[in-house]
Amino acid sequence: QVQLVESGGGLVQPGGSLRLSCAASGIIVSFYAMGWYRQAPGKEREVVATINSGGSTNYGDSVKGRFTISRDNAKNTMYLQMNSLLPEDTAVYYCNANYFKTYWGQGTQVTVSS
């Protein structure tokens, strides 16, 4: 059974940082295209960052230069380092894995507010 479990969300002030983790079981993350997506209230889910099996990364325009996606194959875990957070980064963040099937985590709430 495949499970993607996100952690690391929370409340942070504008300008602060958070690191999200996505721990995978039932799949080998290095084989998969992985990604972080987010959904704010009343908005559609949008891509934040992706990393493919070769390690190449892509970022949404709104997070370029502030967020970094990475993967630790030994821990079978993906990360999202978020710096210089803005109130508009407030959303539920979801982990995604895609190979022949697509899997989603349950999401973790990130709230950026003073």
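Strand 4 and strand 5 form a hairpin, with 6 residues between them. Gly42 sits in the turn and has a positive phi of about 80 degrees. Strands here are DSSP E runs of at least two residues, numbered from the N terminus. The model is predicted: local features need pLDDT of at least 70, side-chain atom pairs count only at pLDDT 80 or more, and totals for chains, interfaces and linings use all residues. Residues are numbered from 1 along each chain as its sequence is written, and side-chain values use heavy atoms, leaving out hydrogens and water.

Strand 4 pairs with strand 5 (residues 46-51) in the antiparallel sense, over 5 bridges. Two strands count as paired if DSSP finds at least two bridges between them. Gly35 has Thr50 in strand 5 as its bridge partner. Strand 4 (residues 33-39) is also joined to strand 9 (residues 91-98), by 7 bridges. These two strands run antiparallel. Here Ala33 has Asn98 of strand 9 as its bridge partner.

Strand 7 is joined to strand 8 (residues 77-82) by 6 bridges. Along this antiparallel pair, Thr68 stands opposite Gln81 of strand 8.

Strand 3 (residues 18-25) holds Ser21. Is Ser21 buried or exposed? Ser21 counts as buried because its relative accessibility is 16%, and the cut-off for buried is under 20% (exposed is over 50%, partly exposed in between; 1.4 Å probe, protein chains only). Leaving aside residues up to four places away in sequence, Ser21 touches Val5, Glu6, Ser7, Trp36, Thr77, Met78 and Tyr79. A contact means heavy atoms within 4.5 Å.

Phe100 lies in the loop between strand 9 and strand 10 (102-104). With a relative accessible area of 76%, Phe100 is exposed. Together with Ile28, Phe31 and Tyr99, Phe100 makes a nonpolar surface patch of about 510 Å². Such a patch takes residues with over 30% relative accessible area and no salt bridge, and joins nonpolar side chains (Val, Leu, Ile, Met, Phe, Trp, Tyr) within 5 Å, or like charges within 9 Å. A salt bridge puts a side-chain nitrogen of Lys or Arg within 4 Å of a carboxyl oxygen of Asp or Glu. Accessible areas come from the Shrake-Rupley method with a 1.4 Å probe; for residues, only the protein chains shown count as cover.

Key. Helix = DSSP H or I, 4+ residues; strand = E, 2+ residues; numbered from the N terminus.
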